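Hi,

Have a look when you get a minute.

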Amino acid sequence: MSLKFKIQQITLMISILTTFSAFSQSSDKTARSIYQVGLNVPVDYAKVTPQAIEAYAQQTMQEVNSLLNTIKEQKTPGFSNVFEAMDEIYNRINTTSNNCFMMYWVSSDSVIRANGLAGYQLLDSLSTAMLSDKGIYTKMLAFKSAEAYKQLSGSKKSLVDEMILNFEQSGVNLAADKLTQYKNLSKEISELSTDYSNNMNTSKDILALDEKGMEGLPEEFKKSYKVAEGKYEIPIINSTSETVLGNASSEETRKAYYFKFYNRAADKNLAILDKLVRKRDELAKIMGYPSYAAYTLVPKMAKDPKTVWGFINDLIARSGEKAKADIVQLQNEKKAELNNNGAVSLEAWDISYFKNQILKKQYQVNYEELRAYLPMDQCLKGMFEIYQKLLGLEFRKVNKPSVWNEEVEMYEVYEGDKLKGRFYLDLFPRPNKETWFYGVNIVSGKATSKGYEIPVSMLLGNFSRPTETLPSLLSFKELNTLFHEFGHIVNMMSYNGDYTAQANSKADFTEAMSQLFENWIWNYDILSSFAKHYKTGEVFPKATFENMLKGKNVASGIAAIQSLQRCLYDMNLYDKYNAAAPVSTDQLWKDLDKQLGIMNFYVENTHPQASWIHINTHPVYYYGYLWSRVYAQDMFTAFEKNGLRDAKTGMNYRKLILANGTQRDVVKAVEEFLGRPSDNKAYIKSLGLD
């Protein structure tokens, strides 16, 4: 998943600085200097202190206040003194905000985390005040009505139009009373969202099992969580869910794990989610939109809810029959295991397990055993070689970097002798660290008077941790995630534009650029180049790979429908909300099961929505994964035609797609890359639905 931090700014109102009272007023030069680095010099993260974060945030605010004043004093608004100046403000705010939030996500120091969060929240809450500043907005409109605007084209014209829309979508034209409500709601939404994430990331639970309960689970997995003879404690975290739900032969174990996994943070987050949905609806109504979805879709490719609903419903119609056939296949497998020819109910916690049983028995594919061929170090090395060759880049590991945790690695990205970017790898779970998987933006990249400011990013992961006796051994699903998230990293490294504000693509296209790279692991020539047994060096068996291909679409209809169910859930929350009679977030799952008519995916007394990051921080986003995948699979046809190692196609992809951001229309960029209009044929084929 890509993390797109919101482009937000701050107010000139000095009184709002009092909201930063959680920080002390110290801003000594030593603390400030940690973040005060020269152009493209890395931050000395190992030396970051709570005071450094405080000083950094305060200093950025002071600098931006000065820059904003300069813009408002302009007597003749121009592109440079308004829009390029605003882009510099965006850059400073984003970089500071991203650094603060990153330390909140990754630091082992509780005070650093607290100050990082406080710094981020300050900038987040102050952003709406600046975006509603009529003084700045007036300067923008004055330029747009001038002859100079008519002479603009390409990325410069896009920059002007996008910035003005950003202000208009942030309440700048509201009456004073409505604007006050908008600001208050924005602040409350930010605080609620943070509380939700805190509760999710600090949720801790374990499943205690005996030998019988552990039956079916891999021996090495059992060793990792053995606490005494015949006793095991499995943490309820992302990196254990695939193994337990896919392999535990005891239905009681699968069910118990499922209940715990989908009740994480439910005691607190259900109430928070109710408030979030209500307040987002209120904000949209203040802005004059019928729903929050209608409001937030305006700057995206889809533009409006009608388009999204049509997209989702079309895929549901295409996927339904395959999903129903999948259900019958899994039910028959359950009957065979239970030796029961009567009626058998397939439960939600059965899906992964019986899919795996079919793969093991009918296709001779045991995905857990394949971990031995996928040690993290080899996977990284192989993946790097592929990306470097395709994109004309070189990743150079930095020895003894200054980082926030000893496990973190740092790389510099070069094209020839030219430094193009920098990224960090923070791959394994640890207490209080963010629990999901992200390509995290830190610095976006832009042209400056001193030279090009390179992009900086981080891959935040929670992959299977190495143990005292084993290296980190990835599941094939985790390998897919690694290729996906690193796709976000190279997307960020490839940006080649003058303006920070154009570094990120449209939100419902951004996943496409990393989803495309997932296809590489389904090519044997590629996979076998790095997938080798961690003990023996044996190459990934070709016969096994061919069987994987044959079984690739086992339960693909169910997977498609479950993704679409989440799209429906997200859209129902934010497009169909009725403040007078809100549907409970539990009831919504049940209603969707009836609507889809496939099976009861929802399990009574579970609450998946309490630990689902997307409906918290990325509302009206989930459809974007499927929207993006349609483009990803279509763009992949160019590589299928020319070769998965074809550097010419890779460089074309980098320059037209990855480097673009929003400098030019995405649809036109894709058409130029493909040499034709895009379509969904490749996506439908990939699901086995053609």
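This is a predicted model: local features need pLDDT of at least 70, side-chain atom pairs count only at pLDDT 80 or more; totals for chains, interfaces and linings use all residues.

Numbering runs from 1 along each chain as its sequence is written, and side-chain values use heavy atoms, with hydrogens and water left out.

Helices here (H or I, at least four residues) and strands (E, at least two) are DSSP runs, numbered from the N terminus. Buried means under 20% relative accessible area, exposed over 50% and partly exposed in between, with a 1.4 Å probe and protein chains only.

In helix 7, the buried residues are Leu159, Val160, Met163, Ile164 and Phe167. They sit on the same side of helix 7 because they cover an arc of only 120° around the axis (the arc is that of the directions from the helix axis to the C-beta atoms).

Helix 10 (residues 238-247) is mostly covered, with nine of its 10 residues buried. Those buried residues pack against helix 9 (219-224), strand 4 (231-235), helix 11, helix 15 (351-363) and helix 17 (476-494).

Arg254 belongs to helix 11 (residues 251-261). Is Arg254 buried or exposed? Its relative accessibility is 1%, so Arg254 counts as buried. Beyond its neighbours within four places in sequence, Arg254 has contacts (heavy atoms within 4.5 Å) that include Val244, Leu245, Trp349 and Tyr353.

Cheers
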